[in-house]
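I opened my notebook beside the model and went through it piece by piece. Here is what I looked up, in the order I found handy.

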Amino acid sequence: MSQGEIIAGFLAPHPPHLVYGENPAQNEPKSQGGWEPLRWAYERARAALEEMRPDVLLVHSPHWMTSVGHHFLGVERLSGKSVDPIFPNLFRYDFSLNVDVELAEACAEEGRKAGLVTKMMRNPNFRVDYGTITTLHMIRPQWDIPVVGISANNSPYYLNTEEGLGEMDVLGRATLAAIRKTGRRAVLLASNTLSHWHFHEEPAIPEDMSKEHPQSMAGYQWDMRMIELMRKGHMKEVFELLPKFIVEAFAEVKSGAFTWMHAAMGYPQVPAELYGYGTVIGTGNAVMCWDMRNARGPAPVHRGAAERSSALAV
Amino acid sequence: MSVVSAFLVPGNPLPVLKPAVPAWGDLAQAMRKAGLALAASRPDAVLVYSTQWIAVLDQLWITRRHTTGVHVDENWYEFGDLPFDIHADEKVAAACVEACPKNGVHARGVDYDGFPIDSGTIAVSGLLGIGGADRPLVIGSNNVYHNGEVTEKLAALARDCAAAQGKRVAVVGVGGLSGSVFRTEIDPATDHFASAEEDRWNRRVLKVMEEGDVEQLRKITPEYAGAARVDMGFKHLHWILGALDGAFRGAHVHGYGPLYGSGAAVVEFKI
């Protein structure tokens, strides 16, 4: 078995509005469209993913929040109806997904070895969270690639941002070790919105785009600043700014997916491809890709990540 | 007054999932006792607010008459499933949706097959014996942007909507006390409070409840909420206070104990 690798990482936010706007057969409510620029961004991401042909998609979702450790879906096939508890009017989705349990177990094992608490979710009746499902649908609506679903441990909220993201860094490095050992060609999905200030009331017609705009100028400006740095590949600066971004833009990257993904990739200083940006109920969402095929070379993955982990813990 | 009984109960599903664990089983037993008192008060409906039903847009109310299914808790799935069969008083809930805008709150009804009713509401319904056709629920969401004051208004609004339909109600606030938890796996048989200081805080607050000193309770709640990491800032208490117009004579603590380090109590208020 050849050594596995991470082909790419996508910033792949999960507003259920995008599924609602697309009107797939799996989603019960139907819309008149809406949020097209973001949905077109995902179309480009889908094309890129098609070309990559990964063995597995790993997704870290803030809407499976766990308090005792980092959890992994551990049932080979999960299916059911996922109704969004916050937007039940928009998202009632019949899902069916295949889990790469071997890789999930390897991630859990590597995480344990690295000092994290990890758990395998073995209950076949488990309802997969809407963040995981939305991200997976938007990036690969065919549902023909096995997945590894990872919970968001609540450490960034329960402890503090620095300690919490330090854990996500360790989780990312453990994820890379598991991918390498199992020989998978993997794509990582960070299911995160950027600025997360949002409106508190929903328009009568949710897809009325005349009501859609950034909730705050400050949040929008933060998003543009961070995206521009990402597009230039200035990821070191992105991570230096991340704690301030989280506070000032109420950024959802606090939940850890973004840090997990970049830690797994060794914080590549490569430009990200921006497929598109748009707001959903005022929040800032970017669909972006870090193509690791552009970052080949002896990247000091473990050492760099460890250094960053130390910096985050300060 | 149309409120015939009031209870504060924990929403963590561990007591119903693993009653063989002594601390958790004691809380389950306490809830069953509270359920008997609730049944004896003969309500027509039960006003339920669970900290675990999170909303961020609008105030949501369950308007679906009958919801059944199998729920699996996102944290405690290893201990089994939570089958549920819950009836809602859809007429009172619909009235709440209609009344909310008059109180400055946007609201929506939730009437969808497969809607994920939260672990707290499901666990409590079983142990208290509520949510059947004879004691339907009026379930309001916990909008994270609502403070205690708004939560009290919503509870009062729900009570008044029920009263306008000639219905007597029990009120149930579902949520925990202190919030520090163990972050590594423990042997459940050894469960205890994660923080001795938080345990002291819990006991102090419960004593104030027992004494019926609402003024003091309101005074110390903000500090308690911060010092003991109280579940959702103790908004579930505000739900009860709102329904009771901020007045009760005392309380009986049916049970108090740890749930994976956090604090939990089953309290029946004397009204």
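**Ground rules.** I am working with a predicted model, where local features need pLDDT of at least 70, side-chain atom pairs count only at pLDDT 80 or more, and totals for chains, interfaces and linings use all residues. Residues are numbered from 1 along each chain as its sequence is written, chains are lettered from A and ligands numbered from 1 in the order in which they are written, and side-chain values use heavy atoms, with hydrogens and water left out.

**The interface.** I began where chain A meets chain B, and found 39 residues from chain A and 34 residues from chain B in the contact (contact means heavy atoms within 4.5 Å). The buried area there is about 3,100 Å², with 53% of it from carbon and sulfur atoms; this is the accessible area (1.4 Å probe) that two parts lose on being put together, summed over both. I then noted 3 salt bridges across this interface, a salt bridge being a side-chain nitrogen of Lys or Arg within 4 Å of a carboxyl oxygen of Asp or Glu. Lys119(A) and Glu78(B) form a salt bridge through their side chains, at 2.2 Å from N to O.

I also wanted the make-up of the side of chain A that touches chain B. Strand 2 (56–66), strand 4 (77–83), strand 6 (118–121) and helix 5 (155–158) of chain A each supply at least two residues to it. Strand 2 of chain A gives the most, with 4 residues. For my notes, helices (H or I, at least four residues) and strands (E, at least two) are DSSP runs, numbered from the N terminus.

**Asn153(A).** Which residue of chain B does the side chain of Asn153(A) reach in a polar contact? I found Arg183(B), at 2.8 Å from side chain to side chain. A polar contact is a pair of N or O atoms within 3.5 Å; within protein, one must be able to donate a hydrogen and the other to accept it, and residues adjacent in sequence count only if both atoms are side-chain atoms. A polar side-chain atom of Asn153(A) also lies 2.9 Å from the backbone nitrogen of Ser155(A). Asn153(A) sits in strand 7 (residues 147–153) of chain A and is buried at 2% relative accessible area. I take buried as under 20%, exposed as over 50% and partly exposed as in between (1.4 Å probe, protein chains only).

**Positive phi.** Most residues other than glycine have a negative phi, so I looked for exceptions. Asp58(B) has a positive phi of about 65 degrees; its place is the loop between strand 2 (45–55) and strand 3 (59–62) of chain B, where Asp58(B) is buried at 4%. Met232(B) has a positive phi of about 50 degrees and is partly exposed at 34%.

**Salt bridges within a chain.** My tally for all chains is 35 salt bridges. Glu36(A) pairs with Arg39(A), with the closest N and O atoms 3.1 Å apart; both lie in helix 2 (residues 36–52) of chain A, about one turn of the helix apart. In chain B, the side chains of Arg65(B) and Glu90(B) meet at 2.8 Å, N to O. Arg65(B) lies in a loop and Glu90(B) in helix 3 (residues 90–99) of chain B, so the pair ties together parts that are 25 residues apart in sequence. Arg65(B) is exposed at 54%, whereas Glu90(B) is buried at 19%.
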